[in-house]
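Visitor: Could you walk me through this protein, one question at a time?

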Amino acid sequence: MKINVSSCVYNPDKVTYDQPVSIASPLLKENSRDLNCKDLIAYPPFINSHDHLISNWHPKASESQPYKNVNLWVEGMKATPSFMERNKVWINDGSFDLTIGTAPLIIKLGIFKNMFSGCAVVQDHIRKQKPEYYQGNPITILEDYTQCHSVSMGNWWGGKTAVEEWYDAHGKMPFVIHLAEGTDDAARTCFPKVVRMNLLQPNTLLIHAIALNKTDLKRCADEGTSICWCPESNLFLIGETLDIYTCMELGANVVIGTDSPMSGSINMLAELKFAHEHFPDIPMNEMFRMITTNAAKALFLPEGTATLGKDNQDILLIKKYSDYPFDNLLKLNINDIQFFMHKGIPVCGESSFLDHFEIDRDNYYFFDTNSEHRFAFGRPDKVIAQIDDLLGYHKDFPFLPF
Ligand SMILES: [Zn+2]
């Protein structure tokens, strides 16, 4: 099926104008005809390289920031109203098995946050979960990874030591670890430790890396180690963030993560706006590279992920507010995503698109916003109803469109 769009972003370096883009899905009706969407821009879906799905709660859980290092926040957050409100739905029993009890409700909330902001893949930083955790979701939770919580706190939420976890990745999947999330000596001494453990490797993804200096960042770039930038979370909790301009100058593979909304932005669209406001000299196609091809490289995703080509099964069609598609990203809210398809399944958007697909309507939630009729795959309405039941009142989340 061909869709005539205003422009089509194939990758950070290739944009076509007034050319059709093709989509493919086993669910497409046989008689489907070309669609005219001249007010829309086509993009590959985004990748969120750092989130904690179990912490998808709102508002931010902090009252005495900025902190010298994140370990102080991890303790301090437990007394905040946001943390205590989430406790009404799910209490951390220390097992970190997020497939049991009420944990899946908050995990799904996090999945929907990512889905509604156009992310097809999310790296959920947590100890490895049971296989079912990674199956049957509207978007992909990266399953093939190894991890350690952090250099400073070790794998307190479960898993082996950092070195053992890195070894288990066999260089074929990312090894993810928080690093240097702070500005004090405790944060600064993390980098030499990583070097000594021989973890500065092409399959290592360092999260935050706030305290790294230019020499440290050059070593990361030289070794091919990827770095995940979470500007809103960093500037909120710590008051500093990664030296992003130096990273770009050195050619380091930088990706972007929202972190959870208990410390970071409400979603990837907000993260892009925040990053641009604070770092306006980063060209927007470079920012787009960080949430697409750089992320696909860092997370060892299959060839072709995060780019468009022929017969796309993964695609975003988004309202056009700017002629330059990369600047357009700065104008967006969740309701501007008119169509999002992942693995050939329409996952959210404006309902008229579903006329072209054979779908089971019971799997979808339909709702109205701003005079538009919209759909969402995976029944987020049921998840919210269960959360409301546990809370005893209705709670609105800014990352949901209803
Ligand atoms: Zn994190």
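Here come some questions and answers about the structure shown above.

Guide: Quick note before we start: this is a predicted model, where local features need pLDDT of at least 70, side-chain atom pairs count only at pLDDT 80 or more, and totals for chains, interfaces and linings use all residues. Residues are numbered from 1 along each chain as its sequence is written.

Visitor: What radius of gyration does the protein have?
Guide: The radius of gyration is taken over C-alpha atoms, and the globule rule is 2.2 Å times the number of residues to the power 0.38. With 402 residues, that rule puts a compact globule near 21 Å, and the protein agrees, at 21 Å.

Visitor: How many helices and strands are there?
Guide: Both are DSSP runs numbered from the N terminus: helices are H or I with at least four residues, strands are E with at least two. The protein comes out with 14 helices and 17 strands.

Visitor: What share of the 402 residues is buried?
Guide: Count the other C-beta atoms (placed from the backbone) within 10 Å of a residue's own: 20 or more is buried, 12 or fewer is exposed, and in between is partly exposed. By that count, the buried share of the protein is 48%.

Visitor: Is F353 buried or exposed?
Guide: F353 sits in the loop between β15 (345-350) and β16 (364-369). Its C-alpha atom is 7.1 Å from that of F339, 14 residues apart along the chain. Because F353 has 20 C-beta neighbours inside 10 Å, it counts as buried.

Visitor: Which elements cover the buried residues of helix α10?
Guide: α10 covers residues 268-278, and its buried residues are M268, L269, A270, E271, L272 and A275. To be in contact, two residues need C-beta atoms, placed from the backbone, within 7 Å. The cover includes β5, β6, α8 (231-237), β12 (254-256) and α11 (284-290).

Visitor: Which element gives the most to the side of domain 1 that touches domain 2?
Guide: The bounds, from an automatic or database domain assignment, are 2-44 + 306-391 for domain 1 and 47-298 for domain 2. Contacts link 27 residues of domain 1 with 27 residues of domain 2. Giving 6 residues to that side, the top contributor is α14.

Visitor: Where does the largest nonpolar core lie?
Guide: Helix α3 (residues 103-116) gives the largest share, 8 residues. Both domains give residues to this core, so it lies between domain 1 and domain 2.
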